Amino acid sequence: MSSLRIVHLSDFHCDGSPELRAALARLVDRAIDCGPDLVVVTGDLSADGRPGELDIVAAELERFGSVPRVVLPGNRDLVPSVGPPGEARPLPADSDLDYFLALEPALGFGFDDVATDPPAAIDADPETRFSSRFGRLETRHADPRVQLVAVNSTPRLRPAELERAARRLRRAPEGVLRIFALHHGLLPVPGRKLRDGDLANRAGDLLALLLELKVDLVLHGHVHRAHAWLVSDGHHEMVVASAGALVNDGRRDASFNEILVGGGRLEVRRRSVATGEPSLLFQTTRPG
Ligand SMILES: [Fe+2]
C-alpha cells in the first residue's frame, strides 16, 4: 500500500465566538499544512447544532478543497444541550421554558441565529441541519488504499447501521486499510473521568466485532483527549485513536491528530494547534 496521511479533527464545539472561530481557522491552517490525503472529523463540530455554528464550520472545512472529507455528527450537533463545552447534559425535565428554548434555539435571547423569519425547512430538525451541510450522517470513503466507514452514534449506534458498515468492511479488498469512525469512545482514556454516555453502547461487543472484521484503525472523538490504544483479540490487532478537542480547558491546548500509514508502519501523532508541533502518540510496524 502506498503511504496515506490522514488528519483526524474533532470536537470544535464552535459557538460562533471570535475566540473559537480564530482557533478553528488556526486548526484548519495547521491541518492543511500537514498535506492530508483524507480529512476525518468525528463530531461535536458545534456547541449546540445551531445553523450559524454549523455554517462557520462548513466554511472552514471547505478550505481543504479537493481533499476528501468524512464528517460525522456528535451529540452536541444533534441533541440540544444547556451545559458548558464538553459538558452535554440532558434537557431539564422540570422547566418547560428551558425545554422549549432548547428545542427552538433561534427563539433564545442573545443567540447569533435569532431570525425574524421562521427558520427554513432545511434547518428545522437537527439531522437535516447537519446533513444539508456535511452529507449523510452515516458515510464512507473508499479508494485503492482505504475503506472507511463512519457511523452516527447519537443517540445510540443502530444495529441496522452497524450491519451495513460490517458488510462494507467485509467487502474491502485484501491489503486495504480498514477504518471505522464514530463520535463516542470505545475505551476509557487516561485523564478523562468517564461520564454516562461517553462510550458507545455495547462498546465491548463492538470492539470484538471490529477485530473480527479486521479493522486496522478506529477513530473517535468526544473524550477530548488525544490517545491511542492497541487492542488485540489474539488474532488481529487494531489501533483505537481519539483526537483532542479545539476547546482549551486550561490544562491542555487544542489539538488534532495526524495519522501516517505505509511502508509497514502506522503512526499517530498529536499536533498542537498553538505551535503545530507533533508529538508521537503511537507507532507500530505491524500494518502494511
Ligand atoms: Fe460529544
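Which residues are linked in a network of salt bridges? They are Arg5, Glu258, Arg265, Glu267, Arg269 and Arg271. A salt bridge here is a side-chain nitrogen of Lys or Arg within 4 Å of a carboxyl oxygen of Asp or Glu. The model is predicted, with local features needing pLDDT of at least 70 and side-chain atom pairs counting only at pLDDT 80 or more, while totals for chains, interfaces and linings use all residues. Residues are numbered from 1 along each chain as its sequence is written, and side-chain values use heavy atoms, with hydrogens and water left out.

Strands are DSSP runs of E with at least two residues, helices are runs of H or I with at least four, and both are numbered from the N terminus. Both Arg271 and Glu258 are buried; buried means under 20% relative accessible area, exposed over 50%, and partly exposed in between, with a 1.4 Å probe and protein chains only.

The structure holds 20 salt bridges. Another of them joins Arg133 and Asp55, at 2.5 Å from N to O. Arg133 belongs to helix 5 (residues 126-134) and Asp55 to helix 2, 78 residues apart. Arg133 is partly exposed at 21% relative accessibility, and Asp55 is partly exposed at 39%. In the salt bridge between Asp198 and Arg192, the closest N and O atoms are 3.0 Å apart, and both residues are buried.

The iron ion is coordinated by Asp44 (OD), Asn75 (OD1), His183 (NE2) and His222 (ND1), at 2.1 to 2.2 Å. Donors are N, O and S atoms within 2.8 Å of the metal (3.2 Å for Na, K and Ca); water is not among the atoms, so sites may look incomplete. The angles among the 4 donor atoms run from 83 to 158°, and the site is irregular. Four donors count as tetrahedral if all angles lie between 85 and 135 degrees; four count as square planar and six as octahedral if opposite donors are over 155 degrees apart and all others between 65 and 115; anything else is irregular.

In sequence, the donor residues follow the spacing D-x30-N-x107-H-x38-H. Asp44 sits in the loop between strand 2 (38-42) and helix 2 (51-62), and His183 in the loop between strand 6 (177-181) and helix 7 (203-212), 139 residues apart. Asp44 is buried at 2% relative accessible area, and His183 is buried at 0%.
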